[in-house]
Amino acid sequence: MSRRLNARAALIGLLMFFAIWQALAWIIHRPIMPSPLQVLPIFGVSLFGNLGVHFLASSARVLAAIGLAVITAVPIGLGLGQIPRINRIFAPLIAIVYPIPKIVFLPVIYVLMGITDISKIFLIALIIFFQILVVVRDEAANLHPELILSVQSLGAGRRALFRYVYFPASLPAVLTALRVSVGTAIAVLFIAEQSLTTYGLGYYIVVETYQVLRYPEMYAGILAMSLLGLVLYFVIYNLELKVNRYRTEEPN
Amino acid sequence: MIAINNLTFAYSGQPPIFQDYSLQVDRGEALSIIGPSGCGKTTLLYLLAGVRQPRAGSIFIDDKLISRPRPRSGLVLQDHGLLPWQTVRQNARLGLTIWGFYGSDGRHAPADELLVSAEADQRVDAWLKKLGIDGLRDQYPLQISRGQRQRTAIARTLAMQPDLLMMDEPFSALDAPTREDLQNFIINLHLESDLTYLIVTHDIEVAVLMGKKILVLQKGCNRETQIMDNALYGLMEYRRQNEFLQKCDDLRQLLGSLT
């Protein structure tokens, strides 16, 4: 979290990215590696057409999953962090479940929850849930007891403590956990969208383009998925900078 | 104003700090509480503030049993208890914000006072000004000095217009001018508005300067405690008089005899 990425740096990064891509296209010189000059016009046009619909479908699934994970993991994490007795009971279980790659539950979730969007959202939410649960729990447990007592002495009960202390205290950690887990979430989304749906970038990239050898269109899909990851990452990153402002020593 | 009756308190798994302990404090009193570390000074403030509950016995303030924090009691802890993510002004307003959050329900906030938001802002700004930190209102606690944080915590408490102010080591780690400034401020407040205050300290001179009565706690279990009278408290000139030094010596001897 050192510096904000400025516009100039972003432009240089993009130019390098496309230059390397173009170089690879020249070197490999096969249909599976089209030039960005061929892909970008297709991307520009289809993002406002067919591809746009798939983009929206994928975005909606990720956002719903993030929402679901946050509204369940934050209260549970706060509860566990505040009540060491209960935390001691569940800590071993969480330690075991946390590192399991949640995508292995994909078939189980499909069977149990059906093949609707809900099962895909649930799977992605599951990944983010554990990331947030763990950081919120630890953040709440590490709050200075004197700080809590002092705010209690101002009259704060459980609800006000949650609103004015626990929630804002864990917000930076929640955002960091989200930023870190959003990449995995999109990777899992890509896999989950390859079957049992006709919308989403995973479906577009694999079924609509790759399997029928429309490689330039496939790359437009890959670009769209990258864009989704990139936008989410930087939105969260900027929120993090905002809520972490107080940590800077300099007056602003 | 304060009546502690047969109080017993122990932290879990530890021997009691207070056993069958009783104490009366009158309205308008200025009480210093001194004793070696671990003697229960801070715990006594927690109990009076209602954030810790006695094992046995009872505490009454203004004839009301204390089972939870009382809206008109102000507590300023040693590490100030400021929220690091809020500005000085937001921190100073926190108590009133919490009152607003609950409305005047008589439990979390006083039933007899409902502030609209603008009044709360005004009151907070007035205290920031009186304490000389209105220029820092948009800074965060990490960006200001210890003394300024202490003032912010005091402003937060005073904005709630307490009739009982309890402070834990309020002057430790402050430089001499800042310390004297704050001491004068609190003494004047006490003299002008009949504010009752309790100040916990390990510093003999602070205890003698600030306490009309000085309560001496001992290490181990407190059943009976000694109280020294100190009528000349509060005057800065007192510091330079022989009586002050004599009182400090008396207190030092009393503390020495207890350990």
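Reply: What follows starts with the chain as a whole, goes on to the helix packing, and ends with the partner chain.

This is a predicted model, in which local features need pLDDT of at least 70, side-chain atom pairs count only at pLDDT 80 or more, and totals for chains, interfaces and linings use all residues. Residues are numbered from 1 along each chain as its sequence is written, while chains are lettered from A and ligands numbered from 1 in the order in which they are written.

Chain A has 10 helices and zero strands. Helices (H or I, at least four residues) and strands (E, at least two) are DSSP runs, numbered from the N terminus. The pattern along the sequence of chain A is accordingly written α-α-α-α-α-α-α-α-α-α. The C-alpha trace of chain A spans about 70 × 50 × 30 Å along its principal axes. Of the 252 residues in chain A, 32% are buried. A residue is buried if 20 or more other C-beta atoms lie within 10 Å of its own, exposed if 12 or fewer, and partly exposed in between, with C-beta atoms placed from the backbone. Among the contacts in chain A with a separation of 6 or more, 76% are between residues 24 or more positions apart. Two residues are in contact if their C-beta atoms, placed from the backbone, lie within 7 Å.

Chain A is divided into domain 1 (1–33) and domain 2 (38–247), with bounds that come from an automatic or database domain assignment. The centres of domain 1 and domain 2 of chain A, taken over C-alpha atoms, are separated by 27 Å.

Now the packing itself. Helix α8 of chain A (residues 158–192) packs with helix α6 of chain A (residues 117–141) at an angle of about 155 degrees, and their axes are 8 Å apart. Axes are lines fitted to C-alpha atoms, for helices over the stretch in contact, and angles run from 0 to 180 degrees between N-to-C directions. α6(A) and α8(A) are therefore roughly antiparallel to each other. Angles under 35 degrees count as roughly parallel, over 145 as roughly antiparallel, 65 to 115 as roughly perpendicular and the rest as oblique. The crossing of α6(A) and α8(A) is right-handed; a crossing is left-handed if the near helix is turned anticlockwise from the far one by less than a right angle, and right-handed if clockwise. The residues of the contact of α6(A) with α8(A) are 19 nonpolar, five polar and two charged. Here Ala, Val, Leu, Ile, Met, Phe, Trp, Tyr, Cys and Pro count as nonpolar, Asp, Glu, Lys and Arg as charged, and the others, Gly among them, as polar.

α8(A) also packs with helix α10 of chain A (residues 215–243), at an angle of about 175 degrees and with axes 9 Å apart. α8(A) and α10(A) are therefore roughly antiparallel to each other. On the α8(A) side the contact includes Leu171(A), Leu175(A), Leu178(A), Val182(A) and Ile186(A). On the α10(A) side the residues include Met225(A), Leu228(A), Leu232(A), Ile236(A) and Leu239(A). An α-helix has 3.6 residues a turn, so residues three or four places apart point the same way. The contact of α8(A) with α10(A) has 15 nonpolar, three polar and two charged residues.

By contrast, helix α5 of chain A (residues 106–113) lies largely in the open, because the number buried among its eight residues is zero. Gly114(A), which follows α5(A), has a positive phi, near 85 degrees.

In total, 20 residues of chain A are in contact with 24 residues of chain B. On the chain A side, the elements that give two or more residues are α7 (145–153) and α8. The most come from α7(A), with seven residues. The residues on this side of chain A divide into 11 nonpolar, five polar and four charged.

In chain B, Asn6(B) lies in strand β1 (residues 2–9) and has a positive phi of about 50 degrees although it is not a glycine. Asp20(B), in strand β2 (residues 18–25) of chain B, likewise has a positive phi of about 50 degrees and is not a glycine.
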